[in-house]
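Here are a few notes to go with your first look at this one. Have the structure open while you read.

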Amino acid sequence: MRPLAVLFRREVSLAWGRGGGPLLAVGFLIAAVTLFPLALGPAPGPLAAVAAGVAFVVLALATLLTLERLFERDFEDGALDLLALGVPPLEAVCAVKVLASWLVVGAPLALAAPVAAIALGEPLAAAPMIFVTTLLAGLAFAFVGGAGAALSLASRRGGALLAVIVLPLIIPPVIFGGAAIGAFAGGLEWRTGLALLAAYALAAAALTPFAMAAACRNALG
Amino acid sequence: MIASVRLEDLAVERGGRMLFQGLTAAVGTGEALAVTGPNGAGKTSLLRAIAGLLAPAAGRIVFEGPEDAGEARRGGLHLIGHQDGLKGARTAREELLFQARWGGGNDPAALAAAERLGLTRQLDLATRRLSAGQKRRLALARLLAAPRPLWLLDEPLSPLDAAGRVLMSEILSQHLAGGGLVIAAAHDPLPVATRRLEIGA
């Protein structure tokens, strides 16, 4: 476990700088959310209806932006060789990298998402629910996006390829999370949506490290 | 502890082109093997195949010792390639301590390695400000900071100055005297007694 703890600390410190780190991701979220009232008009009705959904979609895009270089830098500078030749298996290395990224970027985004949704007209009472769902969805986005980042390693134009690989896979958490927030705000049964979202996030956390490790080995070989 | 590495009838292919085939060689404890050959002959690919990063097209790589090949590779070898694996924005100290701890070494050993390689004054510089030779010294420091039996070195001497080469010959001799194994791709002759393996001739 000790080498993985060492790796986690390094990844956290690298994630502060990668792609601008948490400040840039949160800034992107706020800037993108600001576009919606400008595009849809300032009337509160239509904005409030889409507030939670907008927060979710923008969260997904912000996560994708920060994940693009998750493996690429280590691949380019040779550090991925070092990580592949360590005692812990490469699957654990990939999972640790994603978890560190989630902690540094996903968690601040989950804190910013309720603020963005409320600014668009979501009721204040929904804030805790938005925080929990965006935190879980951020975990799912991070693992699925990490798999996409690993798969697009050896190709040029990794960014666009990453989006094409990953966007279809993040549809389920967007649906479950949006449904849970909508149900919660409307006073309906919300536990099902939240449970499905949590299940998806955990399944992604359990399965994608194998895909990431296989893709990294393929890129190295 | 790896007792020996044997290459049996090894063939390596890159991008549809056969780099070499029918390669047979062995290295035991206390021995060094210098892999020579023209540019593009497959020296780097051979080292990566031994490290397990690249699957050979044919033949076998056998690790003899108490561990199986997977265990021997994970935690049993160091690969120092052309790329030093250093993050430009981090300081030499941060990178050295990470590489040492990741490899199973400890901080005093890492700092002692930095001192031996003459890097003590550079430890607080960002690695992007180091020269090529200093970066190589920093990468080589993990050989000392996290002891492992098999060293796979890809042109280890090329960016080093004369003093660095003398130092490296001492480090290599010590490693071999302690029962280590070295396989190095080299154009310049290594400063220790080696057997030569010519590929791509």
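How many residues does the contact take from chain B and from chain A?

1. The contact takes 21 residues from chain B and 17 residues from chain A; two residues are in contact if their C-beta atoms, placed from the backbone, lie within 7 Å. On the side of chain B that touches chain A, α3(B) gives the largest share, four residues. That side divides into ten nonpolar, six polar and five charged residues (Ala, Val, Leu, Ile, Met, Phe, Trp, Tyr, Cys and Pro count as nonpolar, Asp, Glu, Lys and Arg as charged, the others, Gly among them, as polar).

2. A word on the source: this is a predicted model, where local features need pLDDT of at least 70, side-chain atom pairs count only at pLDDT 80 or more, and totals for chains, interfaces and linings use all residues. Residues are numbered from 1 along each chain as its sequence is written, with chains lettered from A and ligands numbered from 1 in the order in which they are written.

3. In chain B, look for the open, antiparallel sheet of three strands, ordered β2-β1-β4 (strands are DSSP runs of E, at least two residues, and helices of H or I, at least four, numbered from the N terminus; two strands pair if DSSP finds at least two bridges between them). β2(B) and β4(B) stand at the edges with a single partner strand each, so one side of each has no neighbour in the sheet.

4. β1(B) and β2(B) pair over eight bridges. Val5(B), for instance, has Val27(B) as its bridge partner in β2(B).
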